[in-house]
Amino acid sequence: MLHIVHHPDYAVETARSGTFPHDKYALVMRALGESGAAMTVHEPEIMPPEWLEAVHDPAYVEEVLTCRVPPAKQRRIGFAIDARISRRSQLSPGGTWLAARLALAHGYAANSAGGSHHALADTGAGYCVFNDLALAANRLIEEGEVSRVLILDLDVHQGDGTAALTAGRGDIFTLSLHAEKNFPSRKARSSLDIGLADGLGDAAYLEALAGAFPQVLDYFAPELILLQAGVDAHADDKLGRLALSDEGLEARDRMVAGEARARGIAVASTLGGGYGADRMAIAQRHARTILTLGHVLG
């Protein structure tokens, strides 16, 4: 049984098209439904402002909640912050927190949104408004649910915001596997960064992941993995610089799930990046990640 966190307000209709697929979240749920997999859907609540302010600058939180984000910050984010986007930006971290709670109870759960790893303390960036990964990890530790969280970022772009927001913490470990020459141009410092060369394919990517991930698990011994399961490492991705195939992505997900299961570590996944004209193909990649993780960890 898959445990999926989803809210209808994750998907937002927009008058103008752009690189960011605002309807992706609904398409992922459609793909999961068409797979025939048994699943329970859990609806998140918005993350309370005080939880957001524990990680983000209160002034920035107020800007988002009141839809008064300055134009310069909206340009950095990549889209305007209206009431619908503001609501989604509060629901998404609530969804990652709920998925993590469900993962601790069931072994695995997925948020059908999230992975907003570029958001910084006082601004959003790169299609990210609030950093749900850092927010969920911080809240779970504050609540005493866990004492050590690994944020594993497999998006093609470095998780710079997550690294910056959790820097210096001994209870959160950040591991980012990304295309070294891709956005952001100025990288933050994760607990461990693995920058990959352009055009890297399945075999070399899996070798790099296998060379770091199990060792981090044994060294840090997390009780929970928050997985930013971006699919933009795929060869066909519009904003990616790597060359993974569908089979490569599935092998990646099987490796992550297998290493976690062998150690009894719960995994909660978020979507992360995935860009291109064929939005259903991207949604299906995200759905396959969730199904693969669920199959191994279930």
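Predicted model: local features only at pLDDT ≥ 70, side-chain atom pairs only at ≥ 80, totals over all residues.

**Exercise 1. Find out how the rings of Phe79 and Tyr127 are arranged, and where each residue lies.**

Step 1. A pair of aromatic rings is described by the distance of the centres and the angle of the planes.
Step 2. Phe79 sits in the loop between helix H4 (71-77) and helix H5 (83-106), while Tyr127 sits in the loop between E3 and H6. The two residues are 48 residues apart.

**Exercise 2. Which class does the pair of Tyr127 and Tyr275 belong to?**

Step 1. Their ring centres lie 5.9 Å apart, with the planes at 45°.
Step 2. Stacked pairs have planes under 30 degrees apart and edge-to-face pairs over 60, so this pair is tilted.
Step 3. Tyr275 belongs to the loop between strand E8 (266-270) and helix H11 (279-297), so the pair ties together parts 148 residues apart in sequence.
Step 4. A search of the whole structure finds seven aromatic pairs.

**Exercise 3. Decide for Phe79, Tyr127 and Tyr275: buried or partly exposed?**

Step 1. Buried means under 20% relative accessible area.
Step 2. Phe79 has 12%, so Phe79 is buried. Tyr275, at 8%, is buried too.
Step 3. Tyr127 has 23% and is partly exposed.

**Exercise 4. Trace the salt bridge between Arg263 and Asp218.**

Step 1. The side chains meet at 2.8 Å, N to O. A salt bridge needs these atoms within 4 Å, so the pair qualifies.
Step 2. Arg263 is in helix H10 (residues 246-263) and Asp218 in helix H9 (residues 213-220), so parts 45 residues apart in sequence are tied together.
Step 3. Asp218 is exposed at 53%, whereas Arg263 is partly exposed at 30%.

**Exercise 5. Where does Asp122 lie, and which residues share its patch of negative charge?**

Step 1. Asp122 is in the loop between strand E3 (108-111) and helix H6 (132-143).
Step 2. Its relative accessibility is 42%, so Asp122 counts as partly exposed.
Step 3. On the surface, Asp122 gathers with Glu50, Glu53, Asp57 and Glu62 in the patch.

Technical notes: Residues numbered from 1 in each chain as written. Heavy atoms only, no water. Patch = residues over 30% accessible without salt bridge, like charges linked within 9 Å, V, L, I, M, F, W, Y side chains within 5 Å. Areas by Shrake-Rupley, 256 points an atom, 1.4 Å probe, with all protein chains shown as cover. Lys, Arg positive; Asp, Glu negative; His and termini not counted. Charge placed at Lys NZ, Arg CZ, Asp CG, Glu CD. Helix = DSSP H or I, 4+ residues; strand = E, 2+ residues; numbered from the N terminus. Buried < 20%, exposed > 50% of the residue type's maximum accessible area, 1.4 Å probe, protein only. Phe/Tyr/Trp six-rings, centres within 6.5 Å; stacked < 30°, edge-to-face > 60°.
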